[in-house]
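I opened this model to look up a few local details of the backbone. My notes are below the view.

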Amino acid sequence: GSYDESLVDTELQAYLGNSPSRRIRRLRRLSPEERQRETETEALIALSLGFPIDALLPAEEAILADADAAAPNDYIVVRNHILASWRADPRVPLPRARVLETVASSYDHLVAAAHGFLTREGHVNFGVSAAFPASSPADALQAPAASVLVIGAGLAGLAAARQLLRFGLRVLVLEGRARPGGRVYTSRLGGGQAAVELGGSVITGIHANPLGVLARQLGIPLHKVRDRCPLYHTDGRTVGTRLDRSIDLVFNTLLDHATRLREALKEAAEGISLGEGIERLRRLYNVAKSEEEREVLDWHLANLEFSNAGCLSELSLAHWDQDDQFEMGGDHCFLAGGNSRLVHALCDGVPVLYEKTVKRIEHGVDGVSITVEGGQVFQADMALCTVPLGVLKRGSIVFDPELPENKLGAIQRLGFGLLNKVAMVFPSVFWDEEIDTFGCLNKESSKRGEFFLFYSYHTVSGGAVLVALVAGEAALEFEKVDPVVTLHRVLGILRGIYGPKGITVPDPIQSACTRWGSDPLCCGSYSHIRVGSSGTDYDILAESVSEDRLFFAGEATNRAYPATMHGALLSGLREASRILRASQSRVDSDHKKYALQKSLRPPDGILEDLFTEPDLEFSRFSFVFSSMTPDDPQSMGLLRITLENPHLEGDQKDQEPAAEKEAHQKAFHLYAAISREQANQLQLAGDDDRGRLELLCKDLSVKLMGYDSTCDTGNSLILSIQSAQKARKRLRCPKDFKF
């Protein structure tokens with residue numbers, strides 16, 4: 001059945017409430033015990049997103065004052081609250097002002113630090129809905145921005161490009177294919193009726209998964225991959241439950257003993273493959289002796305090779321599972337209509353040039369120059385390389401100067417394996433509609449990965465689709481065989497399974513065979529840790545070169561989530577943040593190249609201009625708001641309180657009109673950031689200005705500032721109000737159009 005990812009956050013929505021105002025009222029009447037439970041829930045959500053419960057990330061330590069970093073508990077609670085608040089409804093942005101409404105004013109500086117960090121690093125306020133367009137906000141500083149070339153329009157490249165555009169940088173994506181997505185490729189077969197995943201297909205673990213966030217933003221349903229996976233012999237017999245369970249136990253026990261073996265061997269384990277370790281243990285414990293038992297164990301080993309896109313004879317015994325501790329929790333899911341829906345949503349608003357295969361990357365302290373096939377050259381301040389590890393291994397891109405030795409070593413040491421598929425669209429579903437997967441045993445161990453597993457996509461694809469997987473050694477041999485011969489082999493297996501059951505297996509309407517290893521734009525499927533490698537090599541591959549001019553992203557640069565679609569996406573968000581920091585650092589140190597204003601303060605006199613036509617005014621209080629609809633209760637704005645200049649003498653109050661004007665110009669003003677809802681509260685508070693000030697400062701905890709402090713701290717808000725006022729004037733005075 002359909003899987004509603006929003007159900008995962010039912011608990012969150014229950015305690016956050018349906019509106020900010022109700023949330024505020026509810027917080028005020030929570031008991032200490034209820035507050036503690038909410039804090040614990042938010043901590044668990046943060047943990048699922050990769051944050052430690054009781055410690056700071058290294059990047060967080062750098063943004064905090066020494067006192068806060070030394071005693072970080074308050075910051076951690078605030079950070080977890082922001083993460084949980086946004087994940088409760090990621091369809092809309094979570095502005096800092098809304099967070100401030102739910103946190104005591106004494107923690108305003110921690111809210112500013114945490115909200116800025118989480119937004120910049122892509123942990124909150126990212127995505128593909130209309131609320132997150134691929135363009136900088138209207139109130140962003142209008143200054144010359146750094147230029148970035150992104151190589152590759154896969155999930156990593158598109159996520160980075162989209163984020164960089166939102167940061168205000170200039171971005172262009174170069175893609176070698178005629179389509180976006182890279183190794184995520186949804187083909188339309190069966191006359192265009194059926195969506196078939198020929199590349200990345202399963203969202204592995206929905207809890208905290210950013211792909212689940214994108215699906216929620218787009219309103220796309222997810223289908224849980226059901227657990228039941230029957231195994232069949234080639235003659236159609238179903239593997240008995242007792243045998244299935246016993247060998248499953250044997251397989252997992254062998255993996256447990258392999259873990260103990262590497263712990264005992266210590267450094268000696270670095271040179272041993274996982275396959276060698278498992279086989280030695282199998283012989284030592286004398287398990288899976290019969291032919292039938294061996295076939296079932298071979299199926300589990302083939303499944304392990306599928307998970308790692310590599311032969312067990314190549315996987316490192318010491319480090320093959322180093323990323324297990326970071327695995328996303330929750331169900332594995334299919335996306336209705338295919339993963340290309342996410343790809344195309346990520347593309348929206350992002351400038352991409354297709355069929356631009358990069359052949360040469362020149363990089364240095366002055367910038368980057370990229371040459372594509374045909375000789376066309378593109379230049380920019382920085383570049384992000386997201387090409388697959390297989391392309392780097394093949395050396396089809398020339399780097400000038402050559403990449404550092406440690407990076408070349410990591411490229412050589414890491415493994416990049418192969419997984420292939422045969423996708424078939426049938427006239428109707430002839431298999432069990434209540435399952436999403438089934439397996440088939442092979443009598444030859446060397447061919448254990450050949451069509452060992454079938455995925456059924458009839459629930460999400462719009463057609464009767466079966467996909468047969470080919471892993472391990474069989475995936476390498478697969479690319480040497482004619483597709484027609486391959487299809488007949490697959491149909492022979494299916495007819496061997498279902499024929500004895502009296503079921504006729506029809507010829508498919510259409511089929512497709514992948515050749516990811518022969519594809520020059522990927523040269524394989526996804527990465528794994530080969531003998532002699534370790535998780536450190538993923539980190540090395542992620543390092544930038546040429547003093548932060550050339551950056552790297554992709555699943556093979558993500559130590560925590562390699563070989564996954566979400567790992568690729570997260571690496572793109574990670575590098576977008578790094579590129580932003582590099583560009584800002586360069587702005588500060590290179591004024592010749594980026595002729596930005598010496599000061600980020602607004603120009604003199606801007607506050608006087610803003611309050612020429614206030615949106616709301618009574619007594620000494622004037623208000624201007626940043627929204628196109630200034631009566632929106634959530635609209636943020638500025639309050640100006642006009643006071644008599646304390647330095648004016650008493651007899652100056654009774655003067656001629658001209659003198660009165662001069663005295664008015666010498667009036668003393670105080671300012672504060674305030675929401676429309678708070679402004680309304682002040683208006684309804686009566687006619688006593690002293691009472692209004694008490695309400696403002698004590699009950700609403702609003703801080704009053706002078707002119708200079710307001711300009712120094714409120715630059716973004718001031719510019720957004722100015723932009724909103726200009727937009728309203730344009731709407732009031734439409735231009736005359738001639739037809």
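Predicted model: local features only at pLDDT ≥ 70, side-chain atom pairs only at ≥ 80, totals over all residues.

These entries cover a sheet, a hairpin and some backbone angles.

Entry 1: I read 23-24-25-26 for its 4 strands, and the pairing is antiparallel. I checked which strands lie at the edges. Strand 23 (616-618) and strand 26 (668-675) each pair on one side only. I also looked up the twist, which averages 15° from one strand to the next.

**Entry 2: the helix on the sheet.** I asked which strands helix 23 touches. Helix 23, residues 676-683, packs on the sheet and is in contact with strand 23, strand 24, strand 25 and strand 26. I took down its direction too: about 120° with that of strand 26.

Entry 3: I went to strand 24 (residues 621-625) and strand 25 (residues 636-643). They run antiparallel, and 5 bridges join them. I looked up the partner of valine 624 and found leucine 638, in strand 25.

**Entry 4: a hairpin.** I turned to strand 4 (residues 186-189) and strand 5 (residues 194-197). Their pairing is antiparallel, over 4 bridges. Arginine 188 has alanine 195 of strand 5 as its bridge partner. I counted along the turn: 4 residues lie between the strands. Glycine 190 in this hairpin has a positive phi, near 65°.

Entry 5: Where is proline 401 found? I located proline 401 in the loop between strand 14 (398-400) and helix 16 (405-413).

**Entry 6: positive phi at lysine 266.** I looked for positive phi in residues other than glycine. Lysine 266 is one of them, with phi near 55°. I placed lysine 266 in the loop that links helix 11 (241-265) and helix 12 (274-285). Is lysine 266 buried or exposed? Its relative accessible area is 64%, so I logged lysine 266 as exposed, the cut-off being over 50%.

**Entry 7: positive phi at alanine 288.** Alanine 288 is also a residue other than glycine with a positive phi, here near 50°. I found alanine 288 in the loop between helix 12 and helix 13 (291-308). I then checked its accessibility. Alanine 288 is at 7% relative accessibility, so I logged it as buried, the cut-off being under 20%.

**Entry 8: side by side.** Lysine 266 is exposed, whereas alanine 288 is buried.

Conventions. Residues numbered from 1 in each chain as written. Heavy atoms only, no water. Pairing = 2+ DSSP bridges. Helix = DSSP H or I, 4+ residues; strand = E, 2+ residues; numbered from the N terminus. Axes fitted to C-alpha atoms, helices over the stretch in contact; angles between N-to-C directions. Contact = heavy atoms within 4.5 Å. Buried < 20%, exposed > 50% of the residue type's maximum accessible area, 1.4 Å probe, protein only.
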